[in-house]
Each structure stands twice: as C-alpha cells, then as structure tokens.
Amino acid sequence: MTYPENVRAIIDRLEASGESAYIVGGSLRDVLLGIAPHDYDVTTSALPEKTLALFSDMRVIETGIKHGTVTVISDGEPVEVTTFRVDGEYTDSRHPSSVSFTDRIEEDLARRDFTVNAMAYSERRGLVDPFGGSDDVKRRIIRAVGDPQERFSEDALRIMRAFRFAAQLGFEIEVNTLEGAIACAEGLKNIARERIGSEFIRLITSPYAKNALMLMVRTDVIKYVLGDYEITEELIDVVADMQAQDVPRLGALLCRADFETATDILGGLRCSSKQTKGALAVAVGAQVSVRSAEDARKLISRTGIYAPYAARLSEKLRVSSAGAELLTVRQQNTPCTVRELAINGKVLAGLGARGKQIGKALELLLEAVIEKPELNDESTLVALAEKILDKLNGEKNV
C-alpha cells in the first residue's frame, strides 16, 4: 500500500523528528477498496505546536488547532494533520466538551465512528487495525467502533453517516449497529438541520441510494429527515432511476408532496435557493401531461433548464412520454422562454411599458409564441405587444 509523494513528505518529516505518523480514516478505507481518495488525512503523535514548527517553511492553516488539527499545503494540495486525541464527554449529541492528546494511535482510533474508518497505515509501521476494519471492508459492512448506542449517543449525526456510507459504498449496516441507530434516532432532533441535509443529499445522490432509503423507511429513521411526508418503495425506485444529482433526485423524492410541503421540506434540509427552485420545478413539471410539441414548449417555459429532468420524471411516473416531444422542440430551436423571444424588455420600454407591465407583457407574448412559434418575429411581436400594452393600460384606467 502506498500514498502520494506529497503525503509521504509530510509523514517522513514527522517520523524523522521522532514522532509516529499514519494515513487514517476514509482515505485508507478508500485505498483498501481500490478507490482513489479525494484527499488524505494524516494523524500523528506530534502535538499541534510541534507540527506547526516542523512545517514552518510551508504554508500551514490552523484549521482546528484547539482540537489538534492543522492543514499543511504540500505541493499545492491540502493535507489535514491531526494529533492523536481522546474525546471528552459528549453533552450535545454532537461535539465532545473537551479533547486531550495522547501518544497512542489505538486510543485515537477508539474514538472514531465506524471500524472501516478506524484504521491507520504507515509504510514503516504497517496497518494498525484494532477493531477489524479491514475485515469489515472485505465483508462490506458498516459496524460501529465499540458499543453502537454509545457511539450514536455521543454524536447522533453518525446515524446519518451510517446510512450515507451504505448508500455510497453499497455496504450493509451490521445488525447491532443498525439497532443502535434506531435506538438513538431521537438524538437527530438535536443535530443542526444543515448537517442532516448535507448528509441526506449526499446519500440520495449516491450509487446505492435505493437500498439506503429503503432501510431508512423500514427503520422509521426517515421521519427525522422528511417529517410526516411518506415515501413508498415505488417512489424510491423512481428516485434511484433519476440522474444522480441533487436537483433531479430531490424533485423526484418530493413529487408526491403538495407544493407547500415540498417547500417546507427543502427549507428544513437547508437546501440552497438553486436546489429549492430546481427541485420544485422538477416535481411540479413532472405532473404536466405532455402530448404535443406545444405541451413540451409549455413545460420548458415553466421549468427552464430543469425541463429534461422534469420530462424524465414524468415518464418514470407514467404521466406522459415527455422526452420525445421535448427533444423535438429543442431540435427545432422553437422559443420556450422569455429570453428566446425576438424582442426584450428594452423594446417594450420603448413602446411605453413601465414597471410590472414589462414582465406581464413578456409573459403574454411568450404564451402566444408557445402556441404559435411562427409569431416569434420582431415586427410581429412589436405589433402584438402594442395591442397587449393598450389592453393593460385600459385595465389600469378602469
């Protein structure tokens, strides 16, 4: 087992100073799985002050120095270097009230969540695996380090991480670990919603999301994520068949919810405005029956760049075969959005439109063009816009 030269340079320097140092955690797990890690974490017996001194000739960021972590920029790549530590008592279902440093790697590994993340490796010292993580990697099992209920009561977010790892890696959650997660699930109420949202979105966009979602439903853990909104096995199948991206899978997941419920759930997951807008567009757009090119243009006008996702979801839900019509419309380059009209707001302003009139007029012009694409000509739209503005002004004066 080897690691990149920039990581080796850090470990070599720590070891040359008389300290021990290892790659640790998820990076080591991925190496054992034959997956190229996105980054490498290093753990060491060196105290943070010594680590800072050893790498004073390099850029070092004091990421979380109180907890023993600094980030060393080696060959332009960030590498987190953390001192072996023992966590104090957990009082908020998330963070230890204190940490203390130790010179024993085994004590550091004992505080970690799952056995597959509780391994360390050094080319000089070999593999340190006191909890059988390498065997669990081979068996494709997620198993808590030590007593599962103790691990989950310390940090309830580990429950979400267990399901997320199952979704990412295709691993099964070991029976006692799953029972511990169920017993401690109430602790998820104490976890910041953005942390739950982050883990859940990573879960639903993972390769084995279907199995993990089904397990969350069967164990009732899903209610701590989605509240009273119920999802069925059929719906989970639909979600898993969508593109493995946040917007289409969130949209598919919420397509059975009413608009208000879907909006509340997305807000509760602390989704970004882009994620929220996209997911709602996909969920709502998928309910539109597309039977003609005109219907496809209407779908595009309502959902914009999310139309292909909405069309695919519509087909999965057997609402309509929107994909073929959508493709035809796009191949013909027919206008479906305000931006594709032959005139814009400046032209309307030149015709005397003001404020909200501009947006309303553009909306009415688009409706006309969607029904008859041949109207999308500058002179034709100007003439039509003049009639629309006359009508709007007449309504204003009544």
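This is a predicted model: local features need pLDDT of at least 70, side-chain atom pairs count only at pLDDT 80 or more; totals for chains, interfaces and linings use all residues.
## Pockets, cores and salt bridges

Residues are numbered from 1 along each chain as its sequence is written, and side-chain values use heavy atoms, with hydrogens and water left out.

**Pockets**

- A pocket here is an open set of points on a 1 Å grid over the protein atoms alone, where a 1.4 Å probe fits, with protein on both sides within 12 Å along at least five of seven lines; lining residues have an atom within 4 Å of a point.
- The largest pocket has a volume of about 1500 Å³, where volume is the space filled by probe spheres set on the points, and grid points are joined across faces, edges and corners.
- Its lining divides into 18 charged, 13 polar and 9 nonpolar residues, with Asp, Glu, Lys and Arg counted as charged, Ala, Val, Leu, Ile, Met, Phe, Trp, Tyr, Cys and Pro as nonpolar, and the others, Gly among them, as polar.
- Elements that each supply at least two residues of this lining include α2 (26-33), β2 (41-44), β5 (77-83) and α9 (193-204); the largest share, 7 residues, comes from α7.
- Helices (H or I, at least four residues) and strands (E, at least two) are DSSP runs, numbered from the N terminus.
- The second largest pocket has a volume of about 330 Å³.
- Of the 13 residues lining the second largest pocket, Thr 303, Gly 304, Ile 305, Thr 337 and Arg 339 are the closest to its centre.
- In the second largest pocket, α16 gives the largest share of the lining, 3 residues, and the lining divides into 5 nonpolar, 3 polar and 5 charged residues.

**Nonpolar cores**

- A nonpolar core is a set of buried Ala, Val, Leu, Ile, Met, Phe, Trp, Tyr and Cys residues joined through side-chain atoms within 4.5 Å; buried means under 20% relative accessible area, exposed over 50%, and partly exposed in between (1.4 Å probe, protein chains only).
- The largest nonpolar core has 85 residues, and those with the most contacts inside it are Ile 159, Leu 188, Phe 200, Met 216, Leu 226 and Leu 313.
- Helix α7 gives the most to this core, with 9 residues.
- Leaving aside residues up to four places away in sequence, Leu 226 touches Phe 200, Ile 231, Leu 253 and Ile 265; contact means heavy atoms within 4.5 Å.
- Another core, of 15 residues, lies apart from the largest one, with Leu 341, Ile 343, Val 369 and Leu 392 among them.

**Salt bridges**

- The whole structure holds 23 salt bridges, each a side-chain nitrogen of Lys or Arg within 4 Å of a carboxyl oxygen of Asp or Glu.
- Arg 158 pairs with Glu 154 in a salt bridge, with the closest N and O atoms 2.8 Å apart, and both residues are buried.
- Glu 199 and Arg 164 also meet in a salt bridge (2.7 Å, N to O).
- This pair links distant parts of the chain, 35 residues apart, with Glu 199 in helix α9 and Arg 164 in helix α7.

**Tyr 309**

- Tyr 309 belongs to helix α17 (residues 307-316) and is buried, with a relative accessible area of 18%.
- Not counting residues up to four places away in sequence, Tyr 309 touches Met 242, Gln 243, Gln 245, Val 247, Pro 248 and Val 282.
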